[in-house]
Amino acid sequence: ELFCVDATNNFSRWKNAKFSGLLDAAGQEANAKRRHELLQKAEEILLDEMPIIPIYFESNRHRISPRICQWKANLLDYHLWQNIRLR
């Protein structure tokens with residue numbers, strides 16, 4: 001939502017009414033498949049008009065021993081270490 005017309009954090013000042021409309025529709029859509037389709041269309045508009053250029057992608061690598069149990073990768077790379085066990 002950083003690129004919506006009325007977003008306070010829209011520092012790019014990019015405006016596209018169709019993009020904002022798709023995000024609004026996705027926010028009100030209860031059907032997950034339909035919501036995904038709406039968000040995908042909005043993403044296509046964003047990538048086509050390219051109001052921003054991503055210059056950095058964070059990546060992490062973890063070498064996990066086979067002895068480790070209950071460690072799960074996640075998008076935020078946030079782990080509750082008290083849930084992790086050794087075999």
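Begin by selecting aspartate 77, which sits in the loop between E1 and E2 of this predicted model. Its phi is near 55°, a positive value in a residue other than glycine. Most residues other than glycine have a negative phi. Aspartate 77 has a relative accessible area of 26%, so it is partly exposed.

**Along the loop between the strands**

Next, select leucine 76. This residue also belongs to the loop between E1 and E2. Is leucine 76 buried or exposed? With a relative accessible area of 76%, leucine 76 counts as exposed.

Now move to histidine 79. The loop holding this residue runs between strand E1, residues 68–69, and strand E2, residues 85–86. Histidine 79 is buried, because its relative accessibility is 11% and the limit for a buried residue is under 20%. Which residues are in contact with histidine 79, once its neighbours within four places in sequence are left aside? They are His62, Trp71, Lys72, Ala73 and Asn74. Display these five side chains together with histidine 79 to see the surroundings. Then show the backbone of lysine 72 as well: its oxygen lies 3.4 Å from a polar atom of the histidine 79 side chain.

**Back to the helices**

Colour the model by secondary structure. The protein chain has 2 helices and 2 strands, and from the N terminus on these elements follow the order α-α-β-β.

Select methionine 50 next. It is found in the loop between helix H2, which covers residues 32–49, and E1. At 41% relative accessibility, methionine 50 is classed as partly exposed.

Continue to helix H1 by selecting serine 20, which lies within that helix. Serine 20 has a relative accessible area of 10% and is therefore buried. Not counting residues up to four places away in sequence, serine 20 touches Cys4 and Val5.

Remain in helix H1 and select glutamine 28. In contrast to the buried serine 20, glutamine 28 is exposed, with 71% relative accessibility. How far apart are glutamine 28 and leucine 86 in space? The separation is 44 Å, for residues 58 positions apart in sequence.

**The N-terminal segment**

Select glutamate 1, in the segment before helix H1, a helix that spans residues 17–28. Glutamate 1 is exposed, with a relative accessible area of 75%. When its neighbours within four places in sequence are set aside, glutamate 1 is in contact with Ala7 and Leu23. For a further distance, include arginine 63: glutamate 1 and arginine 63 are 62 residues apart in sequence, and their C-alpha atoms lie 34 Å from each other.

**The whole chain**

Along its principal axes, the C-alpha trace spans about 55 × 35 × 25 Å. The radius of gyration of the protein chain is 19 Å, whereas a compact globule of 87 residues would have one near 12 Å.

Show the surface next. The accessible surface comes to about 7800 Å², and 53% of it belongs to carbon and sulfur atoms. How much of the chain is buried? Buried residues make up 21% of the 87 residues. Among the contacts with a separation of 6 or more, residues 24 or more positions apart account for 19%.

The protein chain has 13 positive and 11 negative side chains. The centres of these two sets lie 13 Å apart.

Key. Residues numbered from 1 in each chain as written. Predicted model: local features only at pLDDT ≥ 70, side-chain atom pairs only at ≥ 80, totals over all residues. Heavy atoms only, no water. Helix = DSSP H or I, 4+ residues; strand = E, 2+ residues; numbered from the N terminus. Rg over C-alpha atoms; globule rule 2.2 N^0.38 Å. Buried < 20%, exposed > 50% of the residue type's maximum accessible area, 1.4 Å probe, protein only. Contact = heavy atoms within 4.5 Å. Areas by Shrake-Rupley, 256 points an atom, 1.4 Å probe, with all protein chains shown as cover. Lys, Arg positive; Asp, Glu negative; His and termini not counted. Charge placed at Lys NZ, Arg CZ, Asp CG, Glu CD. Polar contact = N/O pair within 3.5 Å; in protein donor to acceptor, adjacent residues only side chain to side chain.
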